[in-house]
Amino acid sequence: MQFEGCVERAPCVAPAIPEADFCRFDAADCEGTAPGATCQVRCKAPYAGSSTASCAVDNVEPSPVTWVPPTCAMECRDPFVVPEGYVKEAGEWRCAPGYDGRANLSC
């Protein structure tokens with residue numbers, strides 16, 4: 001009697017990140033993802049965001065996870081020293097008392 005046809009399942013590998021996006025995405029979490037499991041592809045700083053990638057349940061070769069690039073948004077942090085004339089109230093930047101105009105914050 002001879003058996004054949006069953007192949008051992010194999011973990012997936014991280015996706016190949018296009019060279020143009022190498023500085024934007026981090027897929028290190030996806031290396032060695034077990035069949036049927038998921039992992040996160042994250043945006044690299046100063047961007048924020050992530051997407052879920054998955055390894056097929058029936059994966060039998062070291063194939064890349066299936067993924068969709070995450071939407072990355074610039075993460076703009078508050079300055080360590082607030083410039084004179086500005087104040088943050090209720091989570092929004094405004095002109096401080098004695099100043100007039102519209103406070104605009106850009107990264």
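Student: Is Cys-6 buried or exposed?

Tutor: This is a predicted model, so everything here is read from predicted coordinates. Cys-6 counts as exposed, at 81% relative accessibility.

Student: Which cysteine sulfur is nearest to that of Cys-6, and how far away?

Tutor: The nearest cysteine sulfur belongs to Cys-55 and is 18 Å away. Cys-6 is in no disulfide.

Student: How many disulfides does a search of the whole structure find?

Tutor: The search finds three disulfides. A disulfide is a covalent bond between the sulfur atoms of two cysteines.

Student: Ok, what does Cys-12 form a disulfide with?

Tutor: Cys-12 forms a disulfide with Cys-55, and their sulfur atoms are 2.1 Å apart. The link of Cys-12 and Cys-55 is right-handed, with 80° about the S-S bond. Cys-12 sits in the segment before β1 and Cys-55 in the loop between β4 and β5, so this pair ties together parts that are 43 residues apart in sequence.

Student: And are those two buried or exposed?

Tutor: Both Cys-12 and Cys-55 are buried.

Student: What is Cys-39 joined to?

Tutor: Cys-39 is joined to Cys-30 by a disulfide, S to S 2.1 Å. The torsion about their S-S bond is about 100°, so this disulfide is right-handed. Cys-30 is buried, with a relative accessible area of 0%, and Cys-39 counts as buried at 3%.

Student: That leaves Cys-43. Which cysteine is joined to Cys-43?

Tutor: A disulfide joins Cys-43 to Cys-72, with 2.0 Å from S to S. Here the torsion about the S-S bond is about -85°, so the disulfide is left-handed. The pair links distant parts of the chain, 29 residues apart: Cys-43 is in strand β2 and Cys-72 in the loop between β4 and β5.

Student: Why does Cys-72 count as buried?

Tutor: Cys-72 counts as buried because its relative accessibility is 18%, and buried means under 20%. Cys-43 is also buried, at 11%.

Student: What about Cys-95, then?

Tutor: Cys-95 is partly exposed, with a relative accessible area of 21%.

Student: New topic: the strands. What is the order in the open sheet of three strands?

Tutor: The order is β1-β2-β4, and the pairing is antiparallel. The edge strands are β1, residues 25-26, and β4, residues 50-54, each of which pairs on one side only.

Student: How many bridges join β2 to β4?

Tutor: Five bridges join them, with β2 covering residues 38-43. In general, strands of a sheet pair through backbone hydrogen bonds.

Student: Where does Cys-39 come into that? Which residue in β4 is its bridge partner?

Tutor: The partner of Cys-39 in β4 is Ala-53.

Student: Ser-51 is in β4 too, I think. What is the side chain of Ser-51 close to?

Tutor: Ser-51 does lie in β4. A polar atom of the Ser-51 side chain lies 2.7 Å from the backbone oxygen of Val-68. Ser-51 counts as buried, at 12% relative accessibility. Leaving aside residues up to four places away in sequence, Ser-51 touches Cys-39, Gln-40, Val-41, Val-68, Pro-69 and Pro-70.

Student: And Val-41, what does that touch?

Tutor: With residues up to four places away in sequence again not counted, the residues touched by Val-41 include Phe-25, Ala-27, Cys-30, Ser-51, Ala-53 and Trp-67.

Student: Which residues touch the most other members in the largest nonpolar core?

Tutor: That core has 13 residues, and those touching the most other members are Phe-25, Ala-27, Cys-30, Cys-39, Val-41, Ala-53 and Val-65. Strand β2 gives the most to this core, with three residues.

Student: Last topic, the backbone. Which peptide bond is cis, with omega near 10°?

Tutor: The bond from Ala-45 to Pro-46. Pro-46 is placed in the loop between β2 and β3.

Student: And what is the phi of Ala-90?

Tutor: Phi of Ala-90 is near 50°, a positive value in a residue other than glycine. Most residues other than glycine have a negative phi, and most peptide bonds are trans.

Student: Where does Ala-90 lie?

Tutor: Ala-90 lies in the loop between β6, residues 86-89, and β7, residues 92-95. Ala-90 is exposed, with a relative accessible area of 82%.

Note on methods: Residues numbered from 1 in each chain as written. Predicted model: local features only at pLDDT ≥ 70, side-chain atom pairs only at ≥ 80, totals over all residues. Heavy atoms only, no water. Pairing = 2+ DSSP bridges. Helix = DSSP H or I, 4+ residues; strand = E, 2+ residues; numbered from the N terminus. Buried < 20%, exposed > 50% of the residue type's maximum accessible area, 1.4 Å probe, protein only. Polar contact = N/O pair within 3.5 Å; in protein donor to acceptor, adjacent residues only side chain to side chain. Contact = heavy atoms within 4.5 Å. Disulfide = S-S within 2.5 Å. Core = buried A, V, L, I, M, F, W, Y, C linked by side-chain atoms within 4.5 Å.
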